[in-house]
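I would ask you to keep the sequence and the coordinates in view while I speak.

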Amino acid sequence: MQITLPDGSVREFDAGATGLDVAESIGPRLAAAAVAVRFNGVEWDLTRPLPGDGALEVITDSSEAGLHVIRHSAAHILAQAVLDLFPHATFAIGPAIQDGFYYDFAVDEPFAPDDIERIESRMVEIIAEDQPFVRGEMSTADAREIFARHRFKVEIIDTVDESEVAGGDVVSAYRNTEAFIDLCRGPHLPSTGRLKAFKLQRVAGAYWRGDENREQLQRIYGTAWDSPKALDEYLHRLEEAERRDHRRLGPELDLFSFPRELGPGLAVWHPKGGMVRKQIEDHSRRMHERFGFEFVVSPHLARSTLWATSGHLDFYTENMYPPMEMDAGDEYRVKPMSCPFHVLIYKGTARSYRDLPLRLSELGSVYRYERSGVIHGLLRARGFTQDDSHTFCSPDQLGDELAMHLEFVLSWLRDFGFEDFEADLSTRPEKYVGEVDRWEQAERQLAESLAAAEIQYEVAPGEGAFYGPKIDIHVKDAIGRRWQMSTIQVDFTLPERFDLEYTTPANDKGRPFMIHSAKAGSLERFFGVLVEHYAGAFPMWMAPVQVGVITVADRHSEYAAHAAAELRRAGLRVEVDDGSGKLGEKVRRMITQKVPAILVVGDDDVEHTTVGVRLRGEDEQRGTPLADAVAKLGQLAADPS
RNA sequence: GCCGGAGUAGCUCAGGGGUAGAGCAGCUCACUCGUAAUGAGCAGGCCAGGGGUUCGAAUCCCCUCUCCGGCUCCA
């Protein structure tokens, strides 16, 4: 048979040749790294005979697809180990995921930490035995018999049966011992011995099929890589992420805290964190002003009837704090969003097309009753402040407005050191409100604005909110993690619900579009991500203390105060340490507090009106004239505007 | 909310039925020093909260709260 290789060449192989045979014919190194192949676009086991002529690509162990194969195989070995050690256990599903894999089990008793060690040891034995993964196909009827004891597998077989896919009554399974077989589409490693680096990480509860009304299973998470080195690097990345964790750096750098007395998810910002927040807020206001927004302010409470009109009581109640009964029949709710207030500002006057677009912006503090298990530091709090804006525009303005909002968001994110963006365009879901042609206009114009901004994006069909399509912008942080903060959403509902109108040039009544947009998302989450992105070492313009002045000895205090005054006059935030500690200790404190610029003053400096300058990550420069240092630091501390 | 783990000084942690320990941070004193930890002393705790078992509980048991890892959800 004839196999076309990735380089376009065609080679002749005997019937029944496998992907491994083809890989070996190309070269031994490739064959050693191969974990599977892609045959005519379909992933295929390395040792499975190829069915005839076709194009073949080799999937190597370090590629994304290869790691997927490795992790999926690791999941099978995990299941085998668990079924060996826990005869009453039954297994559900075990996919490969980002960086690893998991498998879900139903067991009599939840796994204990030392169970995980035993399971890991058993996996090591299975790997040492180098059992082959043997693929087989069977009818769903036979599969039902083989897996009769495993109720979740039977349920999976049932859904295969119900599906309309061609050949839907045949399933594949992989067997690596007489005792262990698992339903699986594949492909897998040729044998268990090819799993070279894995580690079980933790156990957690997880609902069967992700449905909280169904049985909760025990999920074991693990990670697997193509080599011990890659595994080590991954574990190091995890440690690095832990070191940057904003919940750890927050208290260390005295930025914020979550006093128990306040309740879960409610933070207080300390002076240092508050100073950084002020920089973010100031920048937000500058940017909003530049992009043509006006500033509004709304209260934290409103009558429940407002939330009934807006629809929040229908679709958002479980996230709202319970009502406060005032006088008879007068009930209030704390706001979970600012939109209805801005809508009322729009509605406060008869609007003409000449008023549009009307762009309203607010740093609006909102409170959402998040379920206790989901709270996560500043990244998911119960009280937070959104840099919220609502733009009201006519249909013909929508395209330009969306493009402007996207430009705003991208420019905002770049100012905070994010360069790598991806967007999701979420389109009309099954349950939606509004007219289809408005949806289509909005979706088309969102897509056009993304294309114009040259942002890579994916369409998430049906993932839009019921009230309109949206763009979510994801950024990649310094250690490669993705965060979603900014969002641009078109809304058809609120203008309807509040019956918003404007008078058109033809003296008709038009209904405006409404665009919700948050650039930072919430100041809390944005700040939390920034802390982790910068590992607490904020760029100078944001740093709570921009310059630390340190004395060599007590007799330099007066000169240090003079230098500090000069720096403050230049607009810099300065902290002086003229304590009696040793110089090294004082420098160390400034460095661990991530102060970006350190000035040291001693005898020479007093004599020559100079300072020793030490910038973050650079060597010290002694004898810099004070005036030069002030000028230079002033420049370095300039904000992005 | 659910499953699992954990709460001992401001922080990081040791102790594990017989009356509370270290390092760092803090305070005081000495030292006056040129770029990542000077020395000594002092102070600091209802061992998360409540209930139980016991002659005796930080320690064992039960309940609650909070935090951590997930599930679900999300700015």
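Let me begin with burial: a residue is called buried if 20 or more other C-beta atoms lie within 10 Å of its own, exposed if 12 or fewer do, and partly exposed in between, with C-beta atoms placed from the backbone. This is a predicted model, in which local features need pLDDT of at least 70 and side-chain atom pairs count only at pLDDT 80 or more, while totals for chains, interfaces and linings use all residues. Residues are numbered from 1 along each chain as its sequence is written, and chains are lettered from A and ligands numbered from 1 in the order in which they are written. Helices (H or I, at least four residues) and strands (E, at least two) are DSSP runs, numbered from the N terminus.

Chain A has 20 helices and 33 strands. Its C-alpha atoms fill a box of roughly 85 × 75 × 55 Å along the principal axes. Of the 641 residues of chain A, 38% count as buried. Two residues are in contact if their C-beta atoms, placed from the backbone, lie within 7 Å. Among contacts in chain A between residues at least 6 apart in sequence, 67% join residues at least 24 apart.

I turn to helix α16. After α16 comes Ala535, with a positive phi near 55°.

In the loop between α12 and β20 we find Pro357, and the peptide bond joining Leu356 to Pro357 is cis, with omega about -5°.

Next, the strands. Two strands pair if DSSP finds at least two bridges between them. Strand β3, residues 34–39, is mostly covered, with five of its six residues buried. Five bridges join β3 to β5 (residues 54–60) in an antiparallel arrangement, and here Arg38 stands opposite Glu57. Four bridges join β3 to β4 (residues 42–45), again antiparallel, with Val42 as the bridge partner of Phe39. β3 and β4 form a hairpin with two residues between them, and Asn40 in the turn has a positive phi of about 50°.

A further group is an open sheet of three strands in the order β9-β10-β11, with antiparallel pairing. Why is one side of β9 and of β11 left without a neighbour in the sheet? β9 (134–139) and β11 (181–183) stand at the edges and each has a single partner strand, so one side of each lacks a neighbour. Between β10 (residues 170–175) and β11 there are three bridges, and Arg175 stands opposite Ile181.

Asp99 has a positive phi of about 70° although it is not a glycine, and it lies in the loop between β7 (96–97) and β8 (100–106). Asp254 likewise has a positive phi, of about 60°, in the loop between α8 and β14 (256–257).

Finally, RNA strand B. A residue is near a molecule or strand if its C-beta atom, placed from the backbone, lies within 6 Å of it. Which of the 59 residues around RNA strand B come nearest? They are Gly205, Gly373, Gly521, Gly602 and Gly612. Helix α18, residues 583–592, gives the most to this surface, with seven residues. By class, the surface has 21 nonpolar, 17 polar and 21 charged residues.

Definitions and conventions: Ala, Val, Leu, Ile, Met, Phe, Trp, Tyr, Cys and Pro count as nonpolar, Asp, Glu, Lys and Arg as charged, and the others, Gly among them, as polar.
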